[in-house]
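Let's take a walk through this chain together, from its overall make-up to a few individual residues. Have the model open as you read.

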Amino acid sequence: MVSPLETTRPDAGTCCGQPSARDRILVAAAHLYALRGYAGTSIREIAERAGVTKPLIYYHFESKERLYGNLFQGAMDFAFQEVEKVLRTTSGPVERLKGLIRTQVALARQAPEIYGFVHGVLTMPGLIPLGVDYKDTGRRYTDLFYQVVEEGRRSGEFRDLPSDLVTAAPFSTLGIFVAKILAGDLEKIPDDFEEKMIELITRGVEVRRE
């Protein structure tokens, strides 16, 4: 299965350069779920936004619940792969933190609809009966960032700041920018966004030795 976070790539699930019907459904659903939530989004609205019929959505995903669950799990599987790649190819807490921030910005820039959807799922106060513990999935994902910050604190490379606060910073900031994109108030994430965020966060946490 092509990951939902790959749907905006020109060569992913396309025909003649155009997104497949399945990919259009995923992006349309993500956009509406991000703006209105699970209960506030209907299959009819998803079909209209994707330019497909309701039966075609049921053909691909069987139900609204299955669509929601597949969208979330596919996005998280891809995000885990990208983060774990950073952890395998970098060493030291500073470089790892920079790599993780770049990865988050890349995911948000690549598919803001799906990033906004996932961010909403992981931060919503209530629970949705999807048959998968998506809150646990979110905790395991953010824990990868948390462990990098903890590593930096233990090694003396990072200041003694709350690791959960540092971990939340890139997610919260990106969530705000993606929400502006989905609302139509911002065209895209600025080109130099990741470097500015890296500078802001690393300057705040890194121990500066003269």
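Two residues are in contact when they have heavy atoms within 4.5 Å. Of the contacts in the chain with a separation of 6 or more, 66% are between residues 24 or more positions apart.

A word on the source: this is a predicted model, in which local features need pLDDT of at least 70, side-chain atom pairs count only at pLDDT 80 or more, and totals for chains, interfaces and linings use all residues. Residues are numbered from 1 along each chain as its sequence is written, and side-chain values use heavy atoms, with hydrogens and water left out.

**The overall picture**

The chain has nine helices and two strands, where helices (H or I, at least four residues) and strands (E, at least two) are DSSP runs numbered from the N terminus. Read from the N terminus, the order is β-β-α-α-α-α-α-α-α-α-α. Among the 210 residues, 43% are buried; that label means under 20% relative accessible area, while exposed means over 50% and partly exposed lies in between (1.4 Å probe, protein chains only). The chain exposes about 10,900 Å², 52% of it supplied by carbon and sulfur atoms, with areas from the Shrake-Rupley method and a 1.4 Å probe.

A nonpolar core is a set of buried Ala, Val, Leu, Ile, Met, Phe, Trp, Tyr and Cys residues joined through side-chain atoms within 4.5 Å. The largest one holds 57 residues, and I46, I57, L67, F117 and Y141 have the most contacts inside it. Helix α4 gives the largest share of this core, twelve residues. Leaving aside residues up to four places away in sequence, I57 touches I25, I43, I46, A47, V52, E62 and L67.

Just after α2, G51 has a positive phi of about 75 degrees.

E62, another partner of I57, lies in the loop between α3 (54–61) and α4. Is E62 buried or exposed? With a relative accessible area of 53%, E62 is exposed. Its phi is near 75 degrees, a positive value in a residue other than glycine. Most residues other than glycine have a negative phi.

F193 belongs to helix α9 (residues 193–205), and V149 lies in helix α7. F193 counts as buried because its relative accessibility is 9%; V149 is buried too, at 2%. The contacts of F193, not counting residues up to four places away in sequence, are V105, R109, T173, L174 and F177. On the same terms, V149 touches F158, S163, V166 and T167. The table gives a C-alpha pair for each.

| Pair | Apart along the chain | C-alpha separation |
|---|---|---|
| F193 and R102 | 91 residues | 9.3 Å |
| V149 and P93 | 56 residues | 6.7 Å |

**The largest pocket**

About 470 Å³ of space lies in the largest pocket. Of its 24 lining residues, L122, G138, Y141, T142 and F171 are the closest to its centre. Helix α7 gives the largest share of the lining, seven residues.

On a 1 Å grid over the protein atoms alone, a pocket is an open set of points where a 1.4 Å probe fits, with protein on both sides within 12 Å along at least five of seven lines; lining residues have an atom within 4 Å of a point. The volume is the space filled by probe spheres set on the points, which are joined across faces, edges and corners.
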